[in-house]
Amino acid sequence: MLTYKRTLGGDWRLTLVGETTYVGRSHVNFDTRFPEMGGYVRTKLLMEIRRKAVGLQVFLTNPTNAFNDTFAFGNPFNPNLTQQVTPQRPRTLGFTLFAAH
């Protein structure tokens, strides 16, 4: 995680955050015939502008729109009959307005 903070004019403050996590490859159980999962990177970028207790955050998750398997066990009785995938959340852009009193 990297964080950068800076004071803008007056009481306004800027914060930039970049967060990256690697999830290693693994198997759901000890039987190596089952498909692997993991082996992907999760990323989130965030920008916040605030003045005291009022502000705005803009965030972007999964900026590369990666489609990796996060957990693919599914039905334990037929793991080799059909592909079972739980992909990462797609690229998501959002914002939050906040005010505290």
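Two strands count as paired if DSSP finds at least two bridges between them, and strands here are DSSP runs of E, at least two residues long, numbered from the N terminus. The model is predicted, with local features needing pLDDT of at least 70, side-chain atom pairs counting only at pLDDT 80 or more, and totals for chains, interfaces and linings using all residues. Residues are numbered from 1 along each chain as its sequence is written, and side-chain values use heavy atoms, with hydrogens and water left out.

Let's start at strand E1, residues 2-7, which runs antiparallel to E2, residues 12-23, and is joined to E2 by 6 bridges. To find your way across this pair, look at Lys5, whose bridge partner in E2 is Thr15. E1 and E2 make a hairpin with 4 residues between the strands, and there Gly10 takes a positive phi near 65°.

From E2, step over to E5, residues 40-51: the two run antiparallel, with 12 bridges joining them. Two handy landmarks sit here: Gly18 has Leu45 in E5 as its bridge partner, while Glu19 is partnered by Lys44.

Check Glu48, which stands opposite Gln57 in E6. The turn of this hairpin leaves 2 residues between E5 and E6, and Lys52 in the turn has a positive phi of about 55°.
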